[in-house]
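This report describes one protein chain for a reader new to it. The sequence and structure come before the details.

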Amino acid sequence: MKVLLVDTDAASRRWMRRILEESLSYELAGETGDPAEALEISRRLSPDFVLLADEVASDAPSLVSELASVLEATVILIAVASAGQTVWLGISAGARGYLLKDRMHGELRTAMDSAQAGGTYVSPPLVHKLVQFLNERFSSYQEGFTTDEIGERLLPREYETLCRLAAGQSTDEIAESMSVATATVRAYVSRVLRKFGLRSRGEAIALAYRSGICAPGQAMSGRHVPPGSPRSGTPTTYADLALTPVPILSGSDRDA
């Protein structure tokens, strides 16, 4: 497995490199503190993982989504400290992990293993901040489009893509579930954004939560089509939608 380190602090990169060399059997693909160079290295070497300082991600808002969605790298964000909203933005942009730097030595292996298994790992102190942020933001649905209104605007496959995106599935997972190419999934996402005047996947997920399509902390399995669609079999029920809690791994989960 090849790993790219992205941090403006050279000392921090040396420390992360030492952790990789000491405790993990991963190959260092390269290191940089520049977002543009990080993209160039990723295009050229196709690293499996990108360990990205969240300060760099904050200065380059599209970097996480470009690395994760376009270049299909597994991004793990590294932070000295972070707010719940910042963690949410990073995860919704496509990051598969969010670690506190002072916990990295003990949690990096778990985060990488979790990402390879299709999960997302968040350092335990950040989980509380993330849940608090989500509770404050989505404790009651804000004004916006209803489920029926979204169903009227979207084609069945676009609607299903939005549901799966909101349930936390990656582009690859959505493509596999829907038996389409990843490029087709990206096209569906682009149509959803365009039809509702949205700028990012994070805004699309927020739209799904506000409308009641799904709620934070729930995952989807099976097919899902808009209410009233001829393919749904019933205009108002969601028998084909299986919702189960999504576990966010914490230290206690890891040690159990």
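## An aromatic pair

Rings of Phe, Tyr and Trp (its six-membered ring) count as a pair if their centres lie within 6.5 Å; planes under 30 degrees apart are stacked, over 60 edge-to-face, and the rest tilted. In this predicted model, a search of the whole structure finds 1 aromatic pair. The ring centres of Tyr-26 and Phe-49 are 5.8 Å apart and the planes stand at 90°, so the pair is edge-to-face.

Tyr-26 lies in the loop between helix H1 (10-23) and strand E2 (27-32), while Phe-49 belongs to strand E3 (residues 49-53), 23 residues apart. Helices (H or I, at least four residues) and strands (E, at least two) are DSSP runs, numbered from the N terminus. Both Tyr-26 and Phe-49 are buried; buried means under 20% relative accessible area, exposed over 50%, and partly exposed in between (1.4 Å probe, protein chains only).

## Basis and confidence

Residues are numbered from 1 along each chain as its sequence is written, and side-chain values use heavy atoms, with hydrogens and water left out. Local features need pLDDT of at least 70, side-chain atom pairs count only at pLDDT 80 or more, and totals for chains, interfaces and linings use all residues.

The pLDDT is the predictor's confidence in each residue, from 0 to 100. Its average over the chain is 78, and 79% of the residues score at least 70. Over residues 228-256 the pLDDT is below 50, and this stretch has 53 contacts in the model beyond near neighbours in sequence. Contact means heavy atoms within 4.5 Å.

## Helices H9 and H11

Helix H9 (residues 156-166) packs against helix H11 (residues 182-196) at an angle of about 90°, with the axes 9 Å apart. That makes H9 roughly perpendicular to H11, a label for angles of 65 to 115 degrees; under 35 is roughly parallel, over 145 roughly antiparallel and the rest oblique. Axes are lines fitted to C-alpha atoms, for helices over the stretch in contact, and angles run from 0 to 180 degrees between N-to-C directions.

From H9, Arg-157, Glu-158, Thr-161 and Leu-162 meet residues of H11 including Tyr-188 and Val-192.

## Arg-153

Arg-153 is in helix H8 (residues 147-153) and, at 40% relative accessibility, counts as partly exposed. Leaving aside neighbours within four places in sequence, Arg-153 contacts Phe-145, Glu-158, Lys-195 and Phe-196.

## Helix H12

In helix H12 (residues 201-211), 9 of the 11 residues are buried, so the helix is largely enclosed by the rest of the structure. Among them are Arg-201, Ile-205 and Tyr-209. Gly-212 follows H12 and has a positive phi, near 95°.
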